[in-house]
Structure formats: C-alpha cells, structure tokens
Amino acid sequence: MAKYYTEPSRTFTEYLLIPNLSTKDCTPDNVSLKTPLVKFKRGENPELSLNIPFASAVMQAVSDHHMAVALARSGGISFIFGSQPIKEEAEMVRKVKAYKAGFVISRSNLTPEHTLKDVLELKEKTGHSTLAVTGDGTAKGKLLGIVKGSDYRISRDALDKPISQFMTPFASLIYGKQGITLSEANDLIWEHKINCLPIVDEEQNLEYLVFRKDYEAHKEYPNELLDANKSYIVGAGINTKDYKERVPALVDAGVDVLVIDSSDGYSEWQRETIQYVKANFNVKIGAGNVVDREGFLYLVESGADFVKIGIGGGSICITREQKGIGRGQASSLIEVTEARDEYYEQTGIYVPICSDGGIVHDYHITLALAMGADFVMMGRYFARFDESPTRKLKVNNNFVKEFWGEGSNRARNWERYDSGGKSGLLFEEGVDSYVPYAGSLRENMEKTTSKIKSTMCNCGSKTIPQLQREARITIVSATSLVEGGAHDVILKESGLSGE
C-alpha cells in the first residue's frame, strides 16, 4: 500500500523563533552571513562560498547578466536562466565575467581611422565616455591611444575628423603593465589625477581599463563576490535535454557553477546530467528540486555539489494544484537537513542546502537558515527590483513589474519538466503575473540583511552555522498567527478594525 506521512506538510508561516541569550558582543555589526555554496570535506574550506545567503532564481523574469552583476556586488549569486538559446545564455555569462572588479575589459573600441562621428555614435550606444583606440579596433588590440570627452569639441570639430587627429596618443598616456595589482593601479590613478588607467602587456596590447569611479564603487560594496581573478562569480541554469551542448558553451564562457533547473529533481535524468558534467568538466553543479531524504541522498550520491529543496512553494508555481505533487517548504527543509547532517557525520562531506520557494516575509529567510538551509533562492523577491529584466508598468495607479513562472506557457521552458516524453507544454505549472515594484536591489537587500542580522542577534547567533546549531523553533497556532499582527485596534491608514 502507499506510504502515508501523518505529520502535516508545514510552511514557514507556521513557525517562530524563540530568543536565546544575546551577549554584549552579539550585535548586527559582528554577525557574518558568509555561507558555503558547494560541498566540502570536514576540516577544509569550500571552493565557493557566498558572502550573503542569497541566490536569484533560474527564471527569465529574474536572472540575466544585469541581475547577476548587481547581486554579486552585494555578495550573493545569480543563476542565469537556461530557457534561452545556448549562445545567448553563454553571452550573458561572458558579460558578467567581463565585469572584473576594478579591471574592466574595454567594451568601446575604435581604430585611428574611425571618425568623430563614430565616437559619438558609439558613445550614444554604450554610454561610455572613454574609448580605447587600438590597431584593429578590438578590446585586446595594440593600444594606440585613448579618446575622452575632453579630447574633442562637438561645436567646432568636423564629424569626419579622424580619431588619430584628436585622441590622446599612447606616448602621452599614463598606463600600467600586465600583472599590476588593483591597489597599485589605484595608486597611479590618484598620483597622476587621472580617471582611467589602461593596462597593457609587453607588446603594448590592451588588457584592461581601471577607472577611478570603480575604486569608489568597490568601497561601497565590501561584500563583492569575486573569483581569484577579481571577476564576479556567476551561476547558470541547465536542463537534462541539451546539456551536452549547453554545458561546454557555459564553461567556455567562464561560468563558476551550474544548477539543473527542474521542478522535480529526483530522476535518473538528473543523475546522468550530473555524472556527465563531473566526468568532463572542472565546474561545480547543483541539482534539484527534491523535498525529502530519499531525493536528497540520491542527488548527493550522484555527485551534486549542492541540492535545491522545494516543490510547489514558489509564488508563481502551481505544480501542487495541477499535479498534486509537493510539500510544505518547512517540512521539506527539516527532513532534508536531518539527512544532510547524518550524511556529514557518516562521510565527513558537507553538502549545502538551498531552500527554493516558500519565502513570503523577510523573517522566513532567517527561519529557513535556522532550519538548516545554507542559502535561499528567490524569484518574486528579486523580480521586484530595477535590475530584473522585465518591464516596469503602471497598473491601477501602482508601479509593478512583470513576473512569470518557468512553468508558464510564456516561458515555454518545456525542458524543465523532463519526463522522457514528447516536447512541449500540455499544461502549465506556473502563472503569468505582476509583482509590486520595489526600487533598487541594493536598498532592499540592505534592509533585508539588517533584519536577518538583528534576528540572529535575538537568537544569540553571530554566524549561520551557530544559528543552525542553537536556534529554538516553535510551531504556532492559527490564533497566535492573528495575535502576531496588528489586532484589536483601528488602523489609521485604513480606518478598519485590526481584528
């Protein structure tokens, strides 16, 4: 007969944290949100970690290269959506990796034979006021000069005037040599009072540009998530259909970590995909989604570097009502965490858990971490921001942003639901919707992380591992949910009873 789970399937809203003793040194400034991204052995450090426990979802409406750069600057990671042509996804990854912190690959390049008209057109297209002049007009060509806004006057110079006649020639440039550190480059910028420092190799070929404004930006983003080459770390989503073509292209583009994007990860297709990646590439790969011990252990034993937890808990996911499959996010996380900890005790290998879905309020993030998640993946949360790739619209006098699920017909992401059958979506597992516009990512992230740190202090924890070990969590009743909000008062903004 079928196996029955007698314990109800619970959500984050059904739990609260019980405060622990807050010591005097347990203040938000002393709280670290650093957390592992990929598996590691006992006594060793993970090869990839996050500075904040946030990942943006593998969704068309959320994670493109703009979101990836913005989130990496704040210390988290984006997994660029895979429901697009391979070439386009790889190009998004390549654009993120080009944003080397402090060292920028020049994206506005011309030759000495180009004209002022070409300069103005390129400036209009890219917004860049500093252009590199190379022998072949490429980002890595021999550097012959630089064009800045002060090198020409639109009111007096003819549009057909060659760049060679007004550029600042290489002989007059202050430049750095290949191998220079970011600190040394910034010292040259400040010493010579310049805004841009080109970096060249021994043959005078352009390597990078270092800008004064990027030095200031770096100071504003102390949690930047960077690789050994000071480039932003970025992830990418793949499926179990075209992975033999998609993965090589993403690896060539420089992707740091992959994740299989699927509504149900407990499948032989995921095992085959993981094993292919592990056998052919030196790149980390996460898998999922699963909701129980068996699914978690299956993916771990297949070689997954982290496992995503959650089926049907996303705000735009309707898998549960369409197929009757899923589980409350809290219940899923509690069971998988227990399995993960037992696996760690037995093998000495720690496999990070990503809680994907079920986040409605900021405090749900802290609950997810306390229950054992190492980081959370969110779609709706990030879709609201300026940096998401969707349109900002005005609906009923309120600004909103578009937001649709990967299981919707709009996404046309049939590869995400691989059941070994024919291609195409016969029914939807996601909806097409709007979310309230919330402004910039940075402003909202700072508010959310402040809440998390403050709550962790209430729990007497200064790190996520300590929170996972020492948190005390209680189930709440229906009446205590009412008690937790405003009640028995008349709210000024609505004029209605708070009962």
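Contact means that heavy atoms lie within 4.5 Å. The exercises below concern a predicted model, in which local features need pLDDT of at least 70, side-chain atom pairs count only at pLDDT 80 or more, and totals for chains, interfaces and linings use all residues. Residues are numbered from 1 along each chain as its sequence is written, and side-chain values use heavy atoms, with hydrogens and water left out.

**Exercise 1. The surroundings of Phe382**

Task: State which residues Phe382 touches, not counting residues up to four places away in sequence, and identify the aromatic cluster and the nonpolar core to which Phe382 belongs.

Solution. 
Step 1. With those sequence neighbours set aside, Phe382 touches Phe54, Ala55, Ser56, Val62, Met67, Leu71, Ser388, Leu441 and Met445.
Step 2. Rings of Phe, Tyr and Trp (its six-membered ring) pair if their centres lie within 6.5 Å; planes under 30 degrees apart count as stacked, over 60 as edge-to-face and the rest as tilted. One aromatic cluster is formed by Phe54, Tyr381, Phe382 and Phe385.
Step 3. A nonpolar core is a set of buried Ala, Val, Leu, Ile, Met, Phe, Trp, Tyr and Cys residues joined through side-chain atoms within 4.5 Å. Buried means under 20% relative accessible area, exposed over 50%, and partly exposed in between (1.4 Å probe, protein chains only). The largest such core has 97 residues, and Leu258 and Phe382 have the most contacts inside it. Helices (H or I, at least four residues) and strands (E, at least two) are DSSP runs, numbered from the N terminus. Helix 1 (residues 65–74) gives the most to this core, with six residues.
Step 4. In soluble globular proteins, nonpolar side chains tend to be buried together.

**Exercise 2. An aromatic pair**

Task: Explain why the pair of Phe40 and Tyr350 is classed as it is.

Solution. 
Step 1. In total, 13 aromatic pairs are counted.
Step 2. The ring centres of Phe40 and Tyr350 are 5.3 Å apart and the planes are at 35°, so this pair is tilted.
Step 3. Phe40 belongs to strand 3 (residues 40–41) and Tyr350 to strand 18 (residues 349–350); the pair links distant parts of the chain, 310 residues apart.
Step 4. Phe40 is buried, at a relative accessible area of 18%, and Tyr350 is buried, at 10%.

**Exercise 3. The span of helix 13**

Solution. 
Step 1. The buried residues of helix 13 are Leu441, Asn444, Met445, Thr448, Thr449, Ile452, Met456 and Cys457. Their cover includes strand 5 (54–56), helix 1, helix 11 (362–370), helix 12 (380–383) and helix 14 (464–470).
Step 2. Just after helix 13, Gly460 takes a positive phi of about 70°.

**Exercise 4. A lysine and its partner**

Task: Is Lys308 buried or exposed, and which side chain does a polar contact join to that of Lys308?

Solution. 
Step 1. Lys308 lies in strand 17 (residues 306–309).
Step 2. With a relative accessible area of 1%, Lys308 is buried.
Step 3. A polar contact is a pair of N or O atoms within 3.5 Å; within protein, one must be able to donate a hydrogen and the other to accept it, and residues adjacent in sequence count only if both atoms are side-chain atoms. The side chains of Lys308 and Asp356 are joined by a polar contact of 2.9 Å.
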